[in-house]
Amino acid sequence: HYFIQSNLSEVMFLWLLKSLLTLSCSLIVGMIFKFSNSLSKHPSDSDVSNFIDNLKLSEIPHRGGAHNAPENTMAAFHKAVGLGYKVIEIDIQFTSDDIPVVIHDDTLGRTTNGSGLVSDTTLKQIKKLSANYNFDDVADCSVPTLYEVIHFAVEHDIILLLDAKGGSHCSKISKAVAHIKEKYPGFLYNFAIISFFPDILVTIRRDHPDVITGFTRRHDHFQITALREGYTSPLLQTLLFSCDKLYDFVMFYMFVPLWRINMLEIRKDDVSEAYVRSVAPMPVLVWTVNKPVEKQYFKSLGCAVMTDVIEGEWDETRAT
């Protein structure tokens with residue numbers, strides 16, 4: 001009786017989570033059969049291998065190098081290119097008028113002087129905002145559109161990792177990729193779509209089987225999500241731990257190989273020598289690695305490394 005009264009919201013949350021997980025697994029299997037023709041089409045092994053080799057040539061500025069410049073801005077990208085970096089990771093959200101913009105959060109408050117949801121704001125409104133946030137030494141800069149960054153990458157021969165946010169944006173991401181391929185056909189193997197959301201990757205594999213893709217994962221995702229929502233009971237966390245393990249099994253041993261996903265982007269705390277061996281020969285990109293000793297370790301495992309720190313050393317007082 002006490003459990004039901006005091007933990008009803010947690011039980012409902014768990015029920016919903018398990019239901020969504022079961023539904024997701026069913027949808028994945030269903031889509032595999034429905035769109036099985038897509039599975040025979042994929043980037044060539046040589047194209048993927050060349051792409052991965054380029055990722056390992058140097059460290060990859062995470063959001064353009066968020067420790068040294070305002071994240072996901074042209075100021076950051078210019079700085080990264082000026083320092084000789086050839087691969088940059090960026091994030092994609094969509095405005096209310098369906099324009100892809102380069103910003104990590106689904107809200108504006110952390111990295112701009114605006115507020116509210118990106119998806120509730122027009123491009124014109126977003127362009128009026130400053131994206132400097134805590135970089136007073138950088139001239140005012142705005143949130144760029146994806147196409148502005150693509151044009152910059154083509155001009156400077158830069159490879160882009162496009163982290164597609166928001167599972168509800170599948171069709172919009174697909175249209176954006178179609179636009180990139182049409183306007184910049186030579187750029188096809190200079191970018192990849194990476195995402196936490198399997199439905200986005202399924203959409204890209206179905207609509208654009210020639211595009212390189214990567215699955216992003218942290219192994220305590222459900223547990224962290226519950227904590228952020230205020231669900232803290234040990235029982236719930238134990239159950240969510242099991243959900244995370246089940247989700248990992250489904251994704252890594254069913255979804256990734258069946259849908260021919262080309263690489264994994266894994267949080268640094270979840271990567272070890274044993275883990276890299278267990279997923280071999282699947283390439284692993286580790287995020288976010290900011291200290292020299294950590295960078296050296298993950299490189300020794302043969303991983304590509306994503307970092308916020310592209311110049312100098314990590315400063316705890318300016319943690320991103």
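1. Confidence. This is a predicted model, with a mean pLDDT of 89 for the protein and 87% of its residues at 70 or more. Where pLDDT is low, the predicted coordinates should not be read in detail.

2. Largest nonpolar core. This core holds 33 residues, and the members that touch the most others are L160, L162, F191 and I193. Two or more residues are contributed by each of α4 (74-82), β2 (87-94), α6 (146-156), β4 (159-164), α7 (170-183), β5 and α8. Beyond its neighbours within four places in sequence, I193 is in contact with a set of residues that includes L162, A164, V177, I200, L201 and I204. The contacts of I193 also include V211, I212, T213 and G214.

3. Another core, of 29 residues, lies apart from the largest one; A226, M251, V276 and V289 are among its members. In soluble globular proteins, nonpolar side chains tend to be buried together.

4. Helix α6. The residues L146, V149, I150, F152 and A153 of α6 are buried. They lie on the same side of the helix, because the arc they cover around the axis is only 160 degrees. The partners against which the buried residues of α6 pack are α4, β2, β3 (100-102), β4 and α7.

5. Aromatic pairs. The model has nine aromatic pairs. In one of them, the ring centres of F196 and W287 are 6.0 Å apart and the planes stand at 80 degrees, so the arrangement is edge-to-face. This pair links distant parts of the chain, 91 residues apart: F196 belongs to the loop between β5 (191-195) and α8 (198-207), and W287 to strand β8 (residues 284-287). With a relative accessibility of 22%, F196 counts as partly exposed, whereas W287, at 15%, counts as buried.

6. Together with F255 and Y275 they form one aromatic cluster.

7. Charge over a ring. The charged end of R217 sits over the ring of F222, at 6.0 Å from the ring centre.

8. Backbone geometry to inspect. Most residues other than glycine have a negative phi, and most peptide bonds are trans. Two cis peptide bonds deserve mention here. One joins A280 and P281, with omega of about 5 degrees; P281 is placed in the loop between α11 (273-279) and β8. Another runs from W287 to T288, with omega near -25 degrees, and T288 is in the loop between β8 and α12 (292-300).

9. Positive phi values. Y133 has a phi near 35 degrees and is found in the loop between α5 (123-127) and α6. Its relative accessible area of 23% makes Y133 partly exposed.

Terms used:
Residues are numbered from 1 along each chain as its sequence is written. Side-chain values use heavy atoms; hydrogens and water are left out. Rings of Phe, Tyr and Trp (its six-membered ring) pair if their centres lie within 6.5 Å; planes under 30 degrees apart count as stacked, over 60 as edge-to-face and the rest as tilted. Helices (H or I, at least four residues) and strands (E, at least two) are DSSP runs, numbered from the N terminus. Buried means under 20% relative accessible area, exposed over 50%, partly exposed in between (1.4 Å probe, protein chains only). A charge sits over a ring if NZ of Lys or CZ of Arg is within 6 Å of the ring centre and within 35 degrees of the ring normal. pLDDT is the predictor's confidence in each residue, from 0 to 100. A nonpolar core is a set of buried Ala, Val, Leu, Ile, Met, Phe, Trp, Tyr and Cys residues joined through side-chain atoms within 4.5 Å. Contact means heavy atoms within 4.5 Å. The arc is that of the directions from the helix axis to the C-beta atoms.
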